[in-house]
Amino acid sequence: LPEEEGKVKLLDTGSIMLINKQTNPGGAVSVMKYKDETHCFDANCPQCKIPMTKAYPLPPNDETNNQAPRVACDFCHSTYNLKTGEKLTPQEPKGLFGGIAKAVLGSKESGPLNVHQLGEKNGKIMFSMD
C-alpha cells in the first residue's frame, strides 16, 4: 500500500470483474493515502479512460458537505468524491493542453468513479467489489 501522501499506487488484483484487455489487463485498482485514510478506486478515470496514476487529492468542500476528500484526474480534471465515487464539479485545468483535454473530454457524460473498501485479513489485502 502507498505510504506517501497523495500518490496513487496501482495494485493488480487479477479480478475478472476488473480486467479489460485494452485498458486494465491486470485488473488493477488505484490506492491512495490521504490524511489518515487509505482510499481504493478504479484504475481508470470514468470520463477519459486514462489511468489514474497521476490523479491528485483535494480536500473536502461544499459538494462533499466538507466531509469527504476528493480526487481529480490529472488529464481531464474530472473530480470525484473519494468516499462515494460521485462525480463532482471538475477542477479548472492548467495550461493550454489541460484546457483542450477538458473541452474535448468534458463534453461527454460519464458515470461515477467506482470506490472499493479496503481491509486486511491474515496479512493479505482485501477489497470490496460493490
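Is K83 buried, partly exposed or exposed? With a relative accessibility of 38%, K83 counts as partly exposed, where buried means under 20% relative accessible area, exposed over 50%, and partly exposed in between (1.4 Å probe, protein chains only). The structure is a predicted model, in which local features need pLDDT of at least 70 and side-chain atom pairs count only at pLDDT 80 or more, while totals for chains, interfaces and linings use all residues. Residues are numbered from 1 along each chain as its sequence is written, and side-chain values use heavy atoms, with hydrogens and water left out.

The chain contains one helix and ten strands; helices (H or I, at least four residues) and strands (E, at least two) are DSSP runs, numbered from the N terminus. Along the sequence these elements follow the pattern β-β-β-β-β-β-β-α-β-β-β. Of the 130 residues in the chain, 41% are buried. Among contacts (heavy atoms within 4.5 Å) with a separation of 6 or more, 43% are between residues 24 or more positions apart. The chain exposes about 7,800 Å², with carbon and sulfur atoms supplying 52% of this area; accessible areas come from the Shrake-Rupley method with a 1.4 Å probe, and for residues only the protein chains shown count as cover.

Two strands are taken to pair if DSSP finds at least two bridges between them. Strand 1 and strand 2 run antiparallel and are joined by five bridges, with L11 opposite V29 in strand 2. Strand 2 (residues 28–34) pairs with strand 3 in the antiparallel sense over six bridges, and M32 has H39 in strand 3 as its bridge partner. The hairpin of strand 2 and strand 3 has two residues between the strands, and K35 in this hairpin takes a positive phi near 55°. Strand 3 is joined to strand 8 (residues 115–116) by two bridges, again in the antiparallel sense; the bridge partner of F41 in strand 8 is V115.

A further open sheet of four strands has the order 4-5-6-7 and antiparallel pairing. Strand 4 (56–58) and strand 7 (87–88) stand at the edges with a single partner strand each, so one side of each has no neighbour in the sheet. Strand 5 (residues 70–72) and strand 6 (residues 79–81) run antiparallel and are joined by three bridges. Within this pair, V71 stands opposite Y80 in strand 6.

A nonpolar core is defined as a set of buried Ala, Val, Leu, Ile, Met, Phe, Trp, Tyr and Cys residues joined through side-chain atoms within 4.5 Å. The largest such core has 14 residues, of which F41, C45, M52, V71, C73 and L113 touch the most other members. Leaving aside neighbours within four places in sequence, L113 is in contact with F41, D42, N44, P46, M52, V71, Y80, T84 and G85. A second, separate core has five residues, including L11, L18, V29 and V31.

A salt bridge is a side-chain nitrogen of Lys or Arg within 4 Å of a carboxyl oxygen of Asp or Glu, and the count by this rule is one. The salt bridge is formed by E37 and K83, whose closest N and O atoms are 2.7 Å apart. E37 lies in strand 3 (residues 37–42) and K83 in the loop between strand 6 and strand 7, so the pair ties together parts that are 46 residues apart in sequence. E37 is partly exposed, at 36% relative accessibility.

K49, which is not a glycine, has a positive phi of about 70° and lies in the loop between strand 3 and strand 4. The relative accessible area of K49 is 48%, which makes this residue partly exposed. H77, likewise a residue other than glycine, has a positive phi near 70°. H77 is placed in the loop between strand 5 and strand 6 and counts as buried at 7% relative accessibility.

I125 belongs to strand 10 (residues 124–127) and is partly exposed, at 44% relative accessibility.
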